[in-house]
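Let's read a protein model together, one feature at a time.

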Amino acid sequence: RQEDARDRARWREMIGCGEQPKVKEGSCTEKHSVETPHGVLHVTLHGTRTTRRPAILTFHDVGLDSKSCFSPLFKFEEMQEIVKNFTLIHIDAPGQEEGAATYPAGVQQCSDQLKLCLHAHAYAVGVNNLYPSVSFRTVIGVGVGAGAYILARFALANPDAVEGLVLINIDTNARGWIDWAAQKLSSVTSSLAEQILCHLFSQEELSSSTDLVQSHRERISKAPNLSNMELLWKSYNSRRDLIFDRNSAFKCPVMLVVGDHAPYEDAAVECNSKMDPTTTSFLKMADAGGLPQLTQPAKLTEAFKYFIQGMGYMASSCMTRLSRSRTTSLSSSYSMDGSRSRSRTLSQGSQGGQMPPSPSQTMEVSC
């Protein structure tokens with residue numbers, strides 16, 4: 001609790017420390033570099049500039065940037081209905097953006113800046129104070145891997161700033177002694193690029209050496225900012241446990257997503273067991289590998305659309321081709337007094353006429 005209080009205090013200190021570009025209402029793409037006490041944030045805005053809905057805030061995983069992590073998902077045809085109705089804020093961790101310069105040698109000797117970034121202090125600027133002319137009071141966070149951990153930590157420390165979370169490949173636990181020893185051995189026997197690839201992809205994908213794996217292997221191994229990736233990688237591996245349970249979990253709806261046989265499948269299942277089942281959805285995606293937002297954008301878009309509808313937005317959204325081709329049922333409950341207390345279930349299968357599970361249970365889907 002004291003740690004969370006310190007997190008909030010540091011977060012408040014940062015408000016007002018970044019530049020504040022003027023943003024006009026409308027739909028366009030804008031890029032900004034924002035100075036903070038913990039590094040330079042590279043922020044990209046897409047979609048509409050509306051104050052009536054929360055912004056969608058994304059955070060990428062280690063070895064990726066906002067473009068390589070989220071472009072296939074948010075450029076997917078069926079996702080454009082969401083993009084037209086929300087503002088997208090893509091954040092690149094300091095030194096991780098495309099074309100980033102290598103950190104000076106002095107910074108390489110101390111990764112405290114990136115450790116602070118893992119506490120999500122710097123990213124609060126992008127939530128509440130970076131664009132005051134638009135006034136993003138709340139966000140829907142979408143994070144992958146390390147980004148999921150960052151946004152989860154931010155949501156626990158600042159519950160009023162987050163309306164919903166989509167956490168892909170989340171691991172809320174610190175690395176144990178066995179994991180630490182395995183990581184030490186891997187650092188001796190494997191290159192940094194291979195370590196990161198084992199973090200991103202399933203063993204099946206690595207063994208098959210899919211086109212996606214090969215393209216990311218080449219990109220990471222030849223990245224001019226590889227030493228910056230190493231700092232973020234070490235920082236993520238030194239993360240602390242996120243302390244929560246069903247009685248003191250997130251105050252917003254959460255959708256947990258993981259690919260079947262993904263590296264963090266067990267960690268996501270364990271996280272799901274700690275969550276409040278009335279506000280949590282658990283989506284396990286078959287044939288999705290380690291990065292379902294890249295390999296299965298259609299299925300994830302469909303689930304994301306239902307998640308947003310369950311929060312009370314885009315109620316008149318049309319059905320996508322995916323939902324028309326599958327038997328899909330959705331049950332959502334919404335508090336009419338304005339509180340965001342909801343539960344929803346989704347089932348996808350090959351047989352019709354199946355009733356959805358009880359709204360009091362966590363949604364668990366294999367699709």
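The dialogue below goes from the whole chain to single residues.

Q: What kind of model is this, and how are its residues numbered?
A: This is a predicted model, in which local features need pLDDT of at least 70, side-chain atom pairs count only at pLDDT 80 or more, and totals for chains, interfaces and linings use all residues. Residues are numbered from 1 along each chain as its sequence is written, and side-chain values use heavy atoms, with hydrogens and water left out.

Q: How many helices and strands does the protein have?
A: Helices (H or I, at least four residues) and strands (E, at least two) are DSSP runs, numbered from the N terminus. The protein has 16 helices and 11 strands.

Q: What share of the residues is buried?
A: Buried means under 20% relative accessible area, exposed over 50%, and partly exposed in between, with a 1.4 Å probe and protein chains only. Here, buried residues make up 56% of the 367 residues. For a contrast, take Glu-77, in the loop between α2 (66-74) and α3 (80-83): Glu-77 counts as exposed because its relative accessibility is 53%.

Q: Which residues touch the most other members of the largest nonpolar core?
A: In soluble globular proteins, nonpolar side chains tend to be buried together. A nonpolar core is a set of buried Ala, Val, Leu, Ile, Met, Phe, Trp, Tyr and Cys residues joined through side-chain atoms within 4.5 Å. The largest one holds 87 residues, and Ile-56, Phe-74, Leu-165, Phe-250 and Phe-304 touch the most other members. Helix α7 (residues 146-157) gives the largest share of this core, nine residues. Contact means heavy atoms within 4.5 Å; leaving aside neighbours within four places in sequence, Ile-56 has contacts that include Phe-74, Ile-82, Ile-140 and Phe-304.

Q: Is α7 mostly covered or mostly open?
A: Mostly covered: 12 of its 12 residues are buried, among them Tyr-149, Arg-153 and Phe-154. Its length can be checked too, since the expected span of a helix is 1.5 Å times one less than its number of residues. The 12 residues of α7 should span 16 Å, and the end C-alpha atoms are 17 Å apart, which agrees.

Q: Which strands pair with β7?
A: Two strands pair if DSSP finds at least two bridges between them. Strand β6 (residues 162-168) and β7 (residues 254-259) are parallel and share four bridges, with Leu-165 opposite Val-254. On to β8 (residues 280-285): six bridges join this strand to β7, again in parallel, and Val-257 has Leu-283 as its bridge partner. Between β7 and β8 the chain passes through helix α13 (residues 265-274), making a right-handed β-α-β crossover. Right-handed means that, with the strands pointing away from the viewer, the path from the first strand over the helix to the second runs clockwise.

Q: Which residues of α13 are buried?
A: An α-helix has 3.6 residues a turn, so residues three or four places apart point the same way. In α13, the buried residues are Glu-265, Ala-267, Ala-268, Cys-271 and Asn-272. They fall within an arc of 160 degrees seen down the helix axis, so they line one face of α13; the arc is that of the directions from the axis to the C-beta atoms. Their cover includes β7 and β8.
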